[in-house]
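Here is a short report on a predicted model. Keep the sequence and coordinates at hand while reading.

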Number of protein chains: 4
Amino acid sequence: MTSTDLRVGVVGAGIMGADHVARITQRISGATVSAVVEPDTGRAAAATVAAPDSRAFSRLEDALDAGAVDALLVATPGQFHEPMLLPALEAGLPILCEKPLTPDSESSWRVLEAEQKLDRPHIQVGFMRRFDAEYQALKQLIASGDAGELVMLRCVHRNPTVPDSYQQSMLITDSVVHEFDVVPWLAGSDIRTVEVKYARRNPRSPERLREPILVLMELENGVLVDVEMNVSVQFGYQVGTEAVFESSLARIGQPSGLQTWRDGTFSVAEHQSYTTRFAAAYDAQIQRWVDAVGRGTIDGPNAWDGYRVAVACEAGVKALGGGVVEVDVPERPAFYA
Amino acid sequence: MTSTDLRVGVVGAGIMGADHVARITQRISGATVSAVVEPDTGRAAAATVAAPDSRAFSRLEDALDAGAVDALLVATPGQFHEPMLLPALEAGLPILCEKPLTPDSESSWRVLEAEQKLDRPHIQVGFMRRFDAEYQALKQLIASGDAGELVMLRCVHRNPTVPDSYQQSMLITDSVVHEFDVVPWLAGSDIRTVEVKYARRNPRSPERLREPILVLMELENGVLVDVEMNVSVQFGYQVGTEAVFESSLARIGQPSGLQTWRDGTFSVAEHQSYTTRFAAAYDAQIQRWVDAVGRGTIDGPNAWDGYRVAVACEAGVKALGGGVVEVDVPERPAFYA
Amino acid sequence: MTSTDLRVGVVGAGIMGADHVARITQRISGATVSAVVEPDTGRAAAATVAAPDSRAFSRLEDALDAGAVDALLVATPGQFHEPMLLPALEAGLPILCEKPLTPDSESSWRVLEAEQKLDRPHIQVGFMRRFDAEYQALKQLIASGDAGELVMLRCVHRNPTVPDSYQQSMLITDSVVHEFDVVPWLAGSDIRTVEVKYARRNPRSPERLREPILVLMELENGVLVDVEMNVSVQFGYQVGTEAVFESSLARIGQPSGLQTWRDGTFSVAEHQSYTTRFAAAYDAQIQRWVDAVGRGTIDGPNAWDGYRVAVACEAGVKALGGGVVEVDVPERPAFYA
Amino acid sequence: MTSTDLRVGVVGAGIMGADHVARITQRISGATVSAVVEPDTGRAAAATVAAPDSRAFSRLEDALDAGAVDALLVATPGQFHEPMLLPALEAGLPILCEKPLTPDSESSWRVLEAEQKLDRPHIQVGFMRRFDAEYQALKQLIASGDAGELVMLRCVHRNPTVPDSYQQSMLITDSVVHEFDVVPWLAGSDIRTVEVKYARRNPRSPERLREPILVLMELENGVLVDVEMNVSVQFGYQVGTEAVFESSLARIGQPSGLQTWRDGTFSVAEHQSYTTRFAAAYDAQIQRWVDAVGRGTIDGPNAWDGYRVAVACEAGVKALGGGVVEVDVPERPAFYA
């Protein structure tokens, strides 16, 4: 362990947690994984091997008591976020919390209340798309006004397949949740309503799922947004957006890289997973968070963003049942201004 | 005038009619413009100059009485179609009728009734997208089954601007009318419902228009279709479609041609008008119609297709006012099987 | 047969000749195939079936004696061009002669001499690339000066395979011959020298061929040109050019059309043959020639262009043996100014 | 300063050195800039501000005497490399040396001799293209054999402009030097000969330069390589390669990212400088070197690679004067096997 590096405790050593452990250990400057909090001893052991400066703890409290961490990266499934966030906030730790903040708006609100007892926001939420170079270029284009007024956002979010644990409501809470964060961030305007349309069912969809769906949103500024949410496309992982402006058009998310001609075909490989599509975004997110913690701040979506998304998700899940559903978010506390 | 060429009378010598006169005279094999029916003497004179074998008539009846035509190409505005089609059918002439067949389903039905007095369909409707190479490739891909089942069609239809005569309902009757024809042709299934969503209004839209709109359709086979209809995009003319299959994706309508790098930018020219985007399609449509007439048949959308589109347009116009509108088409007459 | 159509005699009814017969009969306005000159009676019969207004002749002289043709399209192999061109010129017929004009500069010169006995050029040579939309756009860009001075042309000419009859020298005389025509046309400057470099031999090349080769040309204006000539690439047919300007870059020949995503890959079909890559160019070439004949002129490369290319081919064939070879073209006769 | 990080001394705090200081400080895991060796006190001060754990030294010897560094990153101009490398080797330090190893093969050989007194290679040379994701994908494709045998490599290397200090020979020694490294690495075969062809001079080239040039190389395995070296293209920075295989084609270096449609044009921004085109490659190079130093090894091109490139550059400079120049490299010492 080093004397000046930020000592990060990673909570949860599943796929995502292990990925973050490797990232911090191998590619992030100014941070060290000092603790792995994970009840599964096999996972914990694997993680501590990957992070030579780290110790394993089965419970967060033990890691806190041992004074083993300066900051926390929470990478457990969403339903376990609140029980980690509350004690971590009480300990005054900077936190990077994987999305979602919590699975519902009620628990998210409790987190907000706990955080507001501190002097400033301590939680950054892991909506990593904001750190993707193409999303950033698109946001800059919108914000600059150079392209004129934005009138529509056309989003596609396509996964090759989903695991067995993926349920119908997760089309919203696990997938569209990203658009619920990134769309207002891009457009500079909150979501007013959500509606869901069903496409013809993909015969390759798991029996329990009725998809693809088309999620329609109206933003406060009138911008119309649609999201094609499609989790059984087989062919690859594709996240793209077309921004329709008053006099121009912009698109992100097209495949790039090595181009080949073979067997009568020109081709480019499409991504197969978010791990490659957003690899650089994950790195940038963590590096900027580490840097921001060094300055006593956060640098990315905060807990209020996490709360708003939770409200939108509840509306979205309701919209799976039909109709146009309002997204009612209370006034933003000055604490998050 | 030649002895074996099909003698075509072009009805209407406005922009579209003059364009067809030039096309037949200069690029179509086996046909000659033998008559121009146009009350405006200036336009008529210009057209007959462009077509040296043609005579001008101010009324269709005169051309018919003179025995001057073997077939008719009707290129007047839609409201004048019925009065041309009925006598032409009575005269037993093969007809290529610019879209729409007529402006409403009632008048279209009258045309169908008149046509059914003949031994076989005589009218082909000018939905030229069916003759575009990319649309044909997409249709072939869908029909082949190679790409798996179709689940969605995502259409964009963007015009740089529209003329002063373009009214709100024409978003449907003049523009989406093309998708009302080509979407069922692609998907092999009729339109069941139509719905309209409004985007944020484009500040460059003419005051009388509220657009862009997003037109949602459900087809009989469950395929969900959306059409971004956008007539003030300024940047160019763009007609594209993404077909979402169970395990693959296909897209048509991307710009192609000369690629340039200049001033830090890689670029390709986008079309500015349907006249370039669909130039080859118009040629192919007319050539194939001329060839089909020689075989005593038609080779393209027939009057029944024109009627169905008229019904869909009425539903679409109604949907501009809100709600999901059913598209009720009667049983197809055996005559058009 | 019609009274006003140009009556075209097609000489040679092999693959290319049959293709032209179909083209004129089905897609070209203002022309009819009135005669097929072909000693092979089977081919001749097939061609006259495809062109209902045509008669078959086994010898050109018979067709001329019968007064059966207004103009001639010569589509025999190159070594039979001169014996067709000389009597046709004597008969004063307009001629479209497939490339090459003749196989060598000496015989081409004899054709030039015969033609100069007439009042004006009667021969157009079938270098159809000049009629391709992308080549035309590139020429226009160069000629406009908008892109600044041209400094290099980087050409690729790739065939999937070649037939058994294709010999080493045909890399130049059958393939690079196209670049020998189109490069000076693009650059507005003649070829000064030719040199050939050998790449590693493609293991899929037929044993008799040593290729791919890189053909280097210096033009009179100093522009450096290279042509990758590659006839066993298997993957498709690709003809492309990059024009390098003082401050910009332009590229033609990239695949376009239906885009698909499948099995982790974004792809576009590449051409497989010149018949699709240059289909529209062939049509445009013939239509414009027919139109030009109607005006008593030609509209494309003339016999002088054919002669210059013959000289360049001789230099190119010599360059296959090594070294930098000069291309010595005599002064252009005023007749071809 | 930390206890486990690799303490890197950066030699030279000009543009490139300062860039590396920022990189190590902000983005590289497991390394700290502990010393900046720079005689210019202003530059040195700026660098130590950017790297809070670092001390400034005006001479390398002082940094070595102070025991301030575990490893050295040499980022001075090439002519100052040898006087830094020799004492650093004597001190047994791991070294990352910016390209070129030294400006000529004689001095490079002296460096090799000094290095061979150590137990293993200590120098890695900063040919960062090997760390670019697209170059790596291309190398993998070639090495896998999946694409068949490689027959040609077609390289373009285009700079918008060059600084006043850029002289004619630097077309080779500063620019093509990259291809001299990366081409054999891609093709798995050394360079046998080098030849230079001159294009028409770009009127925007500085008076002292005669360019663009086309550099032709034959590799030991027969692969033909050309490099368009072009340093006044104005429009952007573009480094691309087409690999021509026996039955397929691959291309890297095409622009990617945000796509826009505006003013009738579809466009994508092209790079303007190597700093953006190869940003990720520079990061990856340094991170992997730091990781490798931790394992007592190097992970990239070694001093022998640097030497071979020096020999090729000398041949290339000679080839600027005309003719085909052999590249004579002695037997590789077993030390670098």
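## Backbone exceptions

A:Pro212 sits in the loop between E8 and E9 of chain A. B:Pro100 belongs to the loop between strand E5 (95–97) and helix H5 (105–115) of chain B. Most peptide bonds are trans, and most residues other than glycine have a negative phi.

A:Gln234 has a phi near 70 degrees, which is positive although the residue is not glycine. Its loop runs between E10 and strand E11 (238–245) of chain A. Is A:Gln234 buried or exposed? A:Gln234 counts as buried, because 20 C-beta neighbours lie inside 10 Å and the cut-off for buried is 20 or more. B:Asp263 also has a positive phi, near 50 degrees, and is not glycine. B:Asp263 lies in the loop between strand E13 (259–262) and strand E14 (265–269) of chain B. B:Asp263 is partly exposed, since 13 other C-beta atoms lie within 10 Å.

## Two domains in chain A

Chain A splits into domain 1 (6–129 + 280–302) and domain 2 (130–277 + 311–326). Taken over C-alpha atoms, the domain centres of chain A are separated by 27 Å.

Contact between the domains involves 15 residues of domain 1 of chain A and 12 residues of domain 2 of chain A. On the domain 1 side, helix H9 (residues 279–294) of chain A gives the most, with five residues. By class, that side of domain 1 of chain A has eight nonpolar, three polar and four charged residues.

## Chain A against chain B

Chains A and B each put 29 residues into their contact. Which elements of chain A give two or more residues to the side that touches chain B? They are strands E7 (150–158), E8 (191–198), E9 (213–219), E10 (224–230) and E12 (248–252) of chain A. E10(A) gives the most, with four residues. The side of chain A that touches chain B holds 14 nonpolar, seven polar and eight charged residues.

Now the symmetry. Chain A superposes on chain B by a rotation of 180 degrees, with 0.0 Å of shift along the axis and an RMSD of 0.0 Å. The two copies are therefore related as by a two-fold rotation axis. The interface residues fit this picture: 100% of those in chain A are also interface residues in chain B, so the copies meet through the same surface.

## Chain A against chain D

The contact between chains A and D takes 27 residues from chain A and 27 residues from chain D. Elements of chain A that give two or more residues to this side are helix H1 (15–26), helix H6 (133–144), E12 and strand E13 (259–262). E12(A) gives the most, with five residues. The classes here are nine nonpolar, 13 polar and five charged.

E13(A) and strand E12 (residues 248–252) of chain D run antiparallel, joined by four bridges. Within E12(D), D:Ser248 stands opposite A:Arg262.

## Strand E12 of chain B

How many of the five residues of strand E12 (residues 248–252) of chain B are buried? Four are, and the strand is mostly covered. Strand E11 (residues 238–245) of chain B pairs with E12(B) in the antiparallel sense over four bridges. The two form a hairpin, with two residues between them. B:Arg251 in E12(B) stands opposite B:Glu242.

E12(B) also pairs across a chain boundary. Strand E13 (residues 259–262) of chain C joins E12(B) in the antiparallel sense, again over four bridges. C:Thr260 in E13(C) is the bridge partner of B:Ala250.

## A helix pair in chain C

Two packed helices are described by the angle between their axes and the distance between the axes. For helix H6 (residues 133–144) and helix H7 (residues 170–187) of chain C, the angle is about 35 degrees and the axes are 8 Å apart.

From H6(C), the contact uses C:Tyr135, C:Leu138, C:Lys139 and C:Ile142. H7(C) supplies C:Val182, C:Trp185, C:Leu186 and C:Ala187. By class, this helix contact has seven nonpolar, no polar and one charged residues.

Terms used. Residues numbered from 1 in each chain as written. Chains lettered and ligands numbered in written order. Predicted model: local features only at pLDDT ≥ 70, side-chain atom pairs only at ≥ 80, totals over all residues. Axes fitted to C-alpha atoms, helices over the stretch in contact; angles between N-to-C directions. Contact = placed C-beta atoms within 7 Å. Nonpolar A, V, L, I, M, F, W, Y, C, P; charged D, E, K, R; others polar. Least-squares fit on C-alpha atoms with pLDDT ≥ 70 in both. Pairing = 2+ DSSP bridges. Domains from an automatic or database assignment. Buried ≥ 20, exposed ≤ 12 C-beta atoms within 10 Å, placed from the backbone.
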